[in-house]
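Hello,

Here is the structure we talked about, ready for you to open. Have a look at it first, and then read on for what turned up.

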Amino acid sequence: MRLYQQLVLFMLAATVLPLAAVGFLLLSRAEAELAARIDAEQRAQASAAAEAVGALMMEVVDALARSAELIDWQAMSDAETQGALRLLYGQSPAVSAVLKLDADGHPLGSPVFRTQALDGHPAFAPESLDRLVRAMPVQTLRGGGKGQAALGSAYLHAEDGRAAVAVAVKLADGERAPFAVAEVVLQPLEAVLRRRAGDGLGRIDLVDEERRVLASSFPDRRGQLLAPELSAHLLAPAGPLAEPVRSFRLESPTRRVSVARVPHGMRFDVLVEVDEAAALAPVHAMRRTVLLSIGGTFLVLLGLGALFTRRLNLRLAEVVRGAEAYGRGELDKRVRVTGQDELSELATTFNRMGEELEAARGRLLRWNDDLRVRVEEATAELKAAQAQLVEAQKLAAVGQLGAGVAHEINNPLAGILGNVQLLMLDRGSTDPDLETLRKIEQSAKRCKEITQNLLRFSQQRERAELRPVDLNAVVRDALSLTEHQARGEGIMLTSELADGLSRVRADPGHLSQVVLALVSNARTAMLKSPQKRLTLRTGEADGVSYLEVEDTGKGIAPHIRPRIFEPFFTTKDVWSNVGLGLSVAWRMVTEAGGSIEVRSEVEQGSCFTVKLPKA
C-alpha cells in the first residue's frame, strides 16, 4: 500500500471518522432529547385537554342538576313543565334537546329542542328522540335523590355525523321519580381542542370506548373510526392502577401518540397525535448539514495530503537507495543526512547499522555456542527421563509377573489354610499346639490377602469386599508385623487407640496394607532424623472414624505435596524402584468411601490422616 493511500486511511481513522462518529452521536442524543421533549409536551397537552373537556362537560351537567333541583316538578302543570324544560334547555348552548321521562323511561309531554341552526351547530331532529332515550343513564339514578345527574353514552347522528351525549337528571326523590334527559352536543368542544392544539404539528381527538372520533381539532375527522393499529394500543385497562396518560409510537407512517382519560368518571379519551418526521425535521436537516461538512473537510485533507506525501517521497527515495546498498553487503555506503526531522534520524540510524553488523555477527556466534550447551543439557535430561521410563517399564513387568505368581501361590495357600483348619478342629481348647495353629492360620490368611491385593493392583482381581471392620484390631495386627523392625531402627513407637471405637466399612486386607504402607513411609522418612518418634492414633470426629500416622521425619515440601499420591512418585533420597505405596493406599481408601489428608512441614515431620465411614 502506497504512502498516499496510508495517509488517506490515517486521515479517515484520525479525523473524519471520529468527527463523524462524534457528530452523529451528538445528533442522536439531540434527536432523543427532542423526542423526549415532544413526548413530555404531548403528554402534558393530552392531560390538559382531557381536564378541559372534563371541566366543560361537568359544567353543563352541574348546571342541569342545580336547575332541576331548584324546581318543584311534582306540583307543576303541563305548561309549567314545558317552561321548566325550557329553563333546563337554556342552561348551556351545548344542550340541543330536553325531554321528561317517567320512571320506566316513557316520554312525558313534548320535548324542548332546537329547531334551527345556532352558532353553526346543526338543529335537533325529532327522529333523534329514540336514540336519546336509549342512551340515557337513568338506571344508575333510581336509588339517588333529587337533582342527581349522570352522564350517559355517546352516539352519532347518522344524518349529519353530529356527536352527542345523553345526560339524565332526577326530578324528585324515590325510585319511581321522573327524569329529565338532555342531549348535549360535543361540537363546542372542538374549539377547545383547536385552542389546545394551537399551531402545533399534531392534532387532538376526543374518542369514546368504541374508538369513534366524537370531536377533533380537525373537524373533517368527526365520526371516523380510529385505525386498527391505533385502536389496539387504546384497549388498555382503565382500572385504579392504570396510568393517567399513556404514550406510544406507531409505524407506517411514524407518529407519536399520547392518550389521556377524561376525568370525573367519563368514558372518553383525549388522543394527541404528532407526525414524527415533521417534529424531528430540524434534527434531520442538521444531519444532512453535518454530512456535507464532513465530505468537504475530507476533500480538503486529501489535497493537503497529496502535497505532503510528494515532498516526503523524494527524501524517502534516498533512504531506500541506502537500504538497498546495505542489502547487497556494501557496508561502507552512507546516507546523506539533511534536516532535523524524523527522516534525518532514520538516515543516521542506517549509518550506524553498518558499524554494528560485525558486533551482531560476533553475538550470533556466541549465541550458537550457548545453544549447543543448552542442547547438551536437554539431551542429558532426556536420557535421565528415559532411564526412569525404563525403570517404570520394569515395574510394570514385575506387576504382571506378580499377578502370575499370585495365581500360583493362591492354590498352595488354600491347601495350607485348609489343613491347618482341619488340624484345629481336632484340637481341644487346652491343647498347647492350638495357639501355634492359629498363628499359622492367620499368617496363611495374611499371605492370601497380600496375593489378592497384588492381583487387585494389576487389575486381575474383583472389587474390594467391604464389611464392618474393627479399626483398632487392624492397627494392632499391622504393628505386630513391623514393631520389632521399627524398634531395631531406634524408632519410639506409640499407639493411642480410642476405646469404644465404632466399626468402619472397609476391606480388612486393604486396610492392613494401607497401615503398613504409611508406617513404612514414616520409617523411611526418619532414617536421618535425630529424634525418631512414630505415633499411631485412632478416634472419631464429625461422624467418621480416623487413623493418624504421625512421624518426626524430614517432611514434605509444599511444591511437591500435591504429587505424593501419583504412581511412581517418591521423595526418597535414592530412587529405589518403589513409588506405589501411597497411590495404592489412596485407591484402597477412596474405594471404601474414605479419604486421606496430609499435614507436613519440612524438617518437622508429617501426619497422614485416613478417614473412613462408619459401618
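Glu 251 is partly exposed, at a relative accessible area of 46%, and Arg 249 is partly exposed too, at 40%. The side chains of these residues, Glu 251 and Arg 249, form a salt bridge with an N to O distance of 2.7 Å. Please keep in mind that this is a predicted model.

Opposite charges on side chains can pair when the charged atoms come close.

Another salt bridge joins Arg 267 and Glu 209, at 3.8 Å from N to O. Arg 267 sits in the loop between β9 (255-261) and β10 (268-275), while Glu 209 sits in the loop between β6 (202-208) and β7 (213-216), so this pair ties together parts that are 58 residues apart in sequence. Arg 267 is partly exposed, with 42% relative accessibility, and Glu 209 is partly exposed at 48%.

Next comes the salt bridge between Arg 211 and Asp 269, at 3.6 Å from N to O. It links distant parts of the chain, with Arg 211 in the loop between β6 and β7 and Asp 269 in strand β10, 58 residues apart. Both Arg 211 and Asp 269 are buried. There is also a network of salt bridges that links Arg 203, Asp 205, Arg 221, Arg 255 and Glu 273.

Now to a sheet. Five strands form an open sheet with mixed pairing, in the order β12-β14-β15-β17-β16. At its edges stand β12 (492-496) and β16 (595-601); each has a single partner strand, so one side of each is left without a neighbour in the sheet. On average, neighbouring strands of this sheet are turned by 15 degrees against each other, direction ignored.

Within the sheet, β14 (residues 533-541) and β15 (residues 544-550) pair in the antiparallel sense over seven bridges. Arg 537 stands opposite Glu 548 of β15. Helix α10 (residues 471-488) packs on the sheet and touches β12, β14 and β15; the direction of the helix makes about 175 degrees with that of β14.

Is Thr 81 buried or exposed? Thr 81 has a relative accessible area of 8%, so it counts as buried. Leaving aside residues up to four places away in sequence, Thr 81 touches Trp 73, Met 76 and Lys 100.

Conventions:
Residues numbered from 1 in each chain as written. Predicted model: local features only at pLDDT ≥ 70, side-chain atom pairs only at ≥ 80, totals over all residues. Heavy atoms only, no water. Buried < 20%, exposed > 50% of the residue type's maximum accessible area, 1.4 Å probe, protein only. Contact = heavy atoms within 4.5 Å. Salt bridge = Lys/Arg side-chain N within 4 Å of Asp/Glu carboxyl O. Helix = DSSP H or I, 4+ residues; strand = E, 2+ residues; numbered from the N terminus. Pairing = 2+ DSSP bridges. Axes fitted to C-alpha atoms, helices over the stretch in contact; angles between N-to-C directions.
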